[in-house]
Amino acid sequence: MELEDKEEARFIARLASRDERAFNELVVLYQERVFRILLRMLGRRDEAEDMAQEVFVQVFKAVGTFRGDSKLSTWIYRIAVNLCKNRVKYLKRRRSEAQDEYEAMAERSPMTSGGGVTSGDVARPDHLVEGMQLERVVQSCIMELEPDFREVLVLRDVEDLSYEELCEVTGLPDGTVKSRLHRARAMLKQAVERRMGDQAK
Amino acid sequence: MSEVPEDSEELAAELRTALKGGGAGPAPPDVLAGFQRKLRERSGGKFYEDGWSTSRHPPKSTYLITSLMMLAVLGLIYALLAPLSGEPVPVENMPQPVQIISPRPQ
């Protein structure tokens, strides 16, 4: 859900005056998308959750400097991506052992939430499992990409941002974004095919 | 390169489908509570204050207000109950005054 321009301006004014209720609304409004971006970028749920909280803390600190040159959502995604890239570098330095979040099928919402999907609702449980396996492979291959490629791929293909928004978030020119995206997709396809081929063997 | 090839867009569509997996995607956590906690701690209780977890000194004003309120409540109770108590009930079986009988002269 996006805010209208006038509504957004009023909302930003409330944020700038450090209105706690406005920040509550902001977090509720953007937490899901921010979390998804971070989860796809970091590949770890615990890291993504912590980083999502950090994103909103940074928004709180810096909202006074937001000039409204871009949409509020784009600005928030930029903060998320920058924090995420720093985190990836830090984790790489620490050689953190990747915890494969996608093995934890029990944590999947349809399985865990009381109001979620029950076995009766799933037409083909084998399709569900196949889908999860494919998702796991794809996510694992996304994690193999360099952060710069991963960033454009996640924002465009997972979060469906427009090219214009993509340029604003990454700070890259249009041509660079498109070529980087094309290369990221090609690398991902290659990695997935290789992995799926290995599994078939 | 100014345009992304069409087959690349098809690949993107396949990617989106794949990442949806078998279900609705990963359940998002409750970010709000963690955000409020972090901000409360880092601002020393200035924001999202809960009145106790971040207070560094005993709240003196709270003690004073509590004392004054207790005094006010006691005063109110006294004011309400005092008229009901009425005059002290006289005790009827008061002991007779002692008569001192002087001894008869012999």
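These legends go with a set of close-up views of a predicted model. Local features need pLDDT of at least 70 and side-chain atom pairs count only at pLDDT 80 or more, while totals for chains, interfaces and linings use all residues. Residues are numbered from 1 along each chain as its sequence is written, with chains lettered from A and ligands numbered from 1 in the order in which they are written.

**View 1. Chain A has nine helices and zero strands.**
From the N terminus on, the elements run α-α-α-α-α-α-α-α-α. Here helices (H or I, at least four residues) and strands (E, at least two) are DSSP runs, numbered from the N terminus. Of the 201 residues of chain A, 33% count as buried. Buried takes 20 or more other C-beta atoms within 10 Å of the residue's own, exposed takes 12 or fewer, and partly exposed is in between, with C-beta atoms placed from the backbone. Take the contacts in chain A between residues at least 6 apart in sequence: 65% of them join residues at least 24 apart. A contact needs two C-beta atoms, placed from the backbone, within 7 Å.

**View 2. Helix α3 of chain A covers residues 45–62.**
Its 18 residues reach 25 Å from first C-alpha to last, close to the 26 Å expected at 1.5 Å a residue; the expected span is 1.5 Å times one less than the number of residues. Among the buried residues of α3(A) are A:M51, A:F56, A:V59 and A:F60. The buried residues pack against α2 (20–42) and α4 (72–94) of chain A, together with α2 (31–42) of chain B.

**View 3. α3(A) meets α2(B) at an angle of about 55°, with their axes 9 Å apart.**
Axes are lines fitted to C-alpha atoms, for helices over the stretch in contact, and angles run from 0 to 180 degrees between N-to-C directions. The two helices are therefore oblique to each other: under 35 degrees counts as roughly parallel, over 145 as roughly antiparallel, 65 to 115 as roughly perpendicular, and the rest as oblique. On the α3(A) side look for A:A52, A:Q53, A:F56, A:V57 and A:F60, and on α2(B) for B:V31, B:G34, B:F35, B:K38 and B:L39. Those residues divide into seven nonpolar, two polar and one charged. Ala, Val, Leu, Ile, Met, Phe, Trp, Tyr, Cys and Pro count as nonpolar, Asp, Glu, Lys and Arg as charged, and the others, Gly among them, as polar.

**View 4. The axes of α2(A) and α2(B) come within 9 Å and cross at roughly 120°.**
That makes α2(A) oblique to α2(B), and the crossing is right-handed. α2(A) brings A:N24, A:V27, A:V28, A:Q31 and A:F35, while α2(B) brings B:V31, B:L32 and B:F35. The tally is six nonpolar, two polar and no charged residues.

**View 5. A:D160 sits in the loop between α7 (147–158) and α8 (163–170) of chain A.**
Phi of A:D160 is near 60°, a positive value in a residue other than glycine. A:D160 counts as exposed, with 11 C-beta neighbours inside 10 Å. The flanking helices, α7(A) and α8(A), pack at about 145° with their axes 10 Å apart.

Technical notes. Left-handed = near helix turned anticlockwise from the far one by under 90°.
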